[in-house]
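Colleague: I would like to go through the helices and strands of this model and ask what each label rests on.

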Amino acid sequence: MKYIIAIIRPDRLEEVQRALVARDIYLMTVSDVRGCGRQKGFVEQVRSRKLVNLVTKLKIEMAVNDEFVDAAVDAITLGARTGETGDGKIFVLPLEACVHVRTGASGPGAIGP
Ligand SMILES: Nc1ncnc2c1ncn2[C@@H]1O[C@H](COP(=O)(O)OP(=O)(O)OP(=O)(O)O)[C@@H](O)[C@H]1O
Ligand SMILES: [Mg+2]
């Protein structure tokens, strides 16, 4: 089991979802976040101090079974890419446990389709 965290441009969500659904991947959590990448957001000089402005991004989180990891990463990459700086990052973490609250089931079967 893996936990995928992807930071993307907010306006790429629909394309990412389209690519995920085409691969039978549906379950996700999405939240509005702010972040800074290599370009440091954009940097402002305020009273001789450099301040980093955080840019609005969208965070997708997905628990997936091992056989879906490559497809999920491919789909997010395909849907989120514009080729310009700021397209985002995808992080893949080991997932130790998943418990389905309604049934009490745990393990890979609890992640769901
Ligand atoms: N190393 C990181 N750790 C945590 N979040 C990150 C990291 N790199 C990028 N992010 C998040 O992803 C968002 C988009 O990053 P971005 O695509 O600009 O990365 P980058 O390394 O600057 O690549 P590029 O040069 O293509 O812009 C950031 O605003 C931040 O929220
Ligand atoms: Mg950047």
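Modeller: The model is predicted. In it, I7 stands opposite K89 of β6.

Colleague: What makes β1 and β6 a pair?

Modeller: Pairing requires at least two bridges. Strand β1 (residues 2-8) and β6 are joined by six bridges and run antiparallel, so they count as paired by that criterion.

Colleague: Why are β2 and β6 called edge strands?

Modeller: β2 (29-35) and β6 (89-94) each pair on one side only. The order of the four strands is β2-β5-β1-β6, in an open sheet with antiparallel pairing. From one strand to the next, the twist averages 25°.

Colleague: Which strands do the helices touch?

Modeller: α1 lies across β1, β2 and β5 (55-64), at about 15° to β5. α2 packs on the sheet and touches β1, β5 and β6, its direction making about 5° with that of β1.

Colleague: How do you know that α1 and α2 pack, and at what angle?

Modeller: Contact means heavy atoms within 4.5 Å. E15, V16, A19 and L20 of α1 make the contact with A72, A75, I76, L78, G79 and A80 of α2. The angle between helix α1 (residues 13-21) and helix α2 (residues 69-80) is about 145°, and their axes are 8 Å apart. The crossing is right-handed.

Key. Residues numbered from 1 in each chain as written. Chains lettered and ligands numbered in written order. Predicted model: local features only at pLDDT ≥ 70, side-chain atom pairs only at ≥ 80, totals over all residues. Heavy atoms only, no water. Axes fitted to C-alpha atoms, helices over the stretch in contact; angles between N-to-C directions. Helix = DSSP H or I, 4+ residues; strand = E, 2+ residues; numbered from the N terminus. Left-handed = near helix turned anticlockwise from the far one by under 90°.
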